[in-house]
Amino acid sequence: MSHPLALAVDFGGTKVEAALVDDRGTLMPGSRHRRPTGPTATSAELEAAVHEVVDAAYAAVPRGAALRGVGIGAAGPIDVEHARVSPLNVIAWRDFPLGASVAGRLRDVPVTLRVDGLCITLAEQWVGAGRGVDNLLGMVVSTGIGGGLVLGGRAVPSPTGNGGHIGHIEVGGFDDPCACGGSGCLEAVASGPRTVSWARSQGFTGETGEDLALAHAAGDPIAVAAVHRAGTAIGRAVASAANLLDLDVVAIGGGFSRVSPALFEHARAALAERSGFPFVARVRIVPSGLSDEGPLIGAAALVHRPELLI
Ligand SMILES: [Zn+2]
């Protein structure tokens, strides 16, 4: 007997992907499709890219198989009530009705849209590093820093759908300006590009996170200092979140999270400084347990694990 399927969509600032995912969190081979998005694409080009991957994944549904629904994880901010998206780095879309646009391709299939940071967290809780954890913060440290929250075993209530956005928590000791209007936001301090930018301001000549990783591995003192700075900021932000929310686990993924294991060591050290509060210092900061399929698995969780959504 075949497992029921979800059609999962992950829409981000550089690409959109779709795939079929079963109720064990497994991608169906051959069903995954990808198209570029990007900051210069027009609204019509973006919508065509979404429709192409959705149609291609739908065409892979085996005859007689049950398609339970469509789950969409989208770069934020979103408007969860109307399934509209306004991704910060996708300028052509402001209040774009992505949910309705996808629903129009598939007759009589329910569509659920949430912010990508929450989807990642649901995936960690389902099949990743937060499996079975009731109080979990999922984080993506990459070009930006996103996140999502599961509290009490459920997605955190969020009237606009944007709760859990740890990237725009302001971190003590830093005042780097942020695109959101804040200063010292975690994303402005510890994202890949901003960490590289800080290193360059100190004399580093590399240009990418990969350059920084190689320099760190070779013991370059500026790269070591840059990873120390980013990791410390992450640990302080986690400590603030843990004070507010009483977390069990923080699972961190994303390309820049793999710059060096030292990033995690510095984050844990910053958290451990809160020794006066054992409930904060107890929080476990762990690497993501997901592959690059994580965002699609999380989008599928919106369909297969609706009990997690409030
Ligand atoms: Zn910000």
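These legends go with a set of close-up views of one predicted protein model.

The model is predicted, so local features are described just where pLDDT is at least 70, side-chain atom pairs count only at pLDDT 80 or more, and totals for chains, interfaces and linings use all residues. Residues are numbered from 1 along each chain as its sequence is written, and side-chain values use heavy atoms, with hydrogens and water left out.

**Figure 1. The whole fold, before zooming in.**
The protein has 10 helices and 12 strands; helices (H or I, at least four residues) and strands (E, at least two) are DSSP runs, numbered from the N terminus. Its radius of gyration is 19 Å, close to the 19 Å from the globule rule for 310 residues, so the protein is as compact as a globular protein of that length. That radius is taken over C-alpha atoms, and the rule is 2.2 Å times the number of residues to the power 0.38. Along the principal axes, the C-alpha trace spans about 60 × 40 × 35 Å. Of the 310 residues, 52% are buried; buried means under 20% relative accessible area, exposed over 50%, and partly exposed in between (1.4 Å probe, protein chains only).

Take the contacts between residues at least 6 apart in sequence: 64% of them join residues at least 24 apart. Contact here means heavy atoms within 4.5 Å. The protein exposes about 13,400 Å², and carbon and sulfur atoms supply 53% of that area; accessible areas come from the Shrake-Rupley method with a 1.4 Å probe, and for residues only the protein chains shown count as cover. There are 24 positive and 30 negative side chains, with the centres of the two sets 4 Å apart. Lys and Arg count as positive and Asp and Glu as negative, while His and the chain ends are not counted. Each charge is placed at NZ of Lys, CZ of Arg, CG of Asp or CD of Glu.

**Figure 2. Helix α3, residues 116-127.**
This helix has 12 residues and reaches 16 Å from first C-alpha to last, close to the 16 Å expected at 1.5 Å a residue; the expected span is 1.5 Å times one less than the number of residues. In α3, 10 of the 12 residues are buried, so the helix is largely enclosed by the rest of the structure. Among those buried are Cys119, Glu124, Gln125 and Trp126.

Ser43 sits in α1, and so does His51, with the helix covering residues 43-59. Ser43 is partly exposed at 27% relative accessible area, while His51 is buried at 14%. Leaving aside neighbours within four places in sequence, Ser43 is in contact with Ala92, Trp93 and Phe96. Ile91 is 48 residues from Ser43 in sequence, and their C-alpha atoms are 8.9 Å apart.

**Figure 3. Thr26 in its loop.**
Thr26 belongs to the loop between β2 (15-22) and β3 (33-36). It is partly exposed, with a relative accessible area of 39%. Not counting residues up to four places away in sequence, Thr26 touches Leu20 and Val21.

Most residues other than glycine have a negative phi, and most peptide bonds are trans. Here the peptide bond from Gly76 to Pro77 is cis, with omega near 5°; Pro77 lies in the loop between β4 (67-74) and β5 (78-79). Ala83 has a positive phi, near 55°, and lies in the loop between β5 and β6 (84-85), where Ala83 is buried at 18% relative accessible area. Asp246 also has a positive phi, near 60°, in the loop between α7 (221-245) and β11 (249-253). At 38% relative accessibility, Asp246 is partly exposed.

**Figure 4. Leu212 and its surroundings.**
Leu212 is in helix α6, residues 209-217, and is buried, with a relative accessible area of 0%. Beyond four places in sequence, Leu212 touches Thr195, Val196, Ala199, Phe204, Ala223, Ala226, Val227, Phe256 and Val259. From that list, Val227 is 15 residues away in sequence, with a C-alpha to C-alpha distance of 8.6 Å from Leu212.
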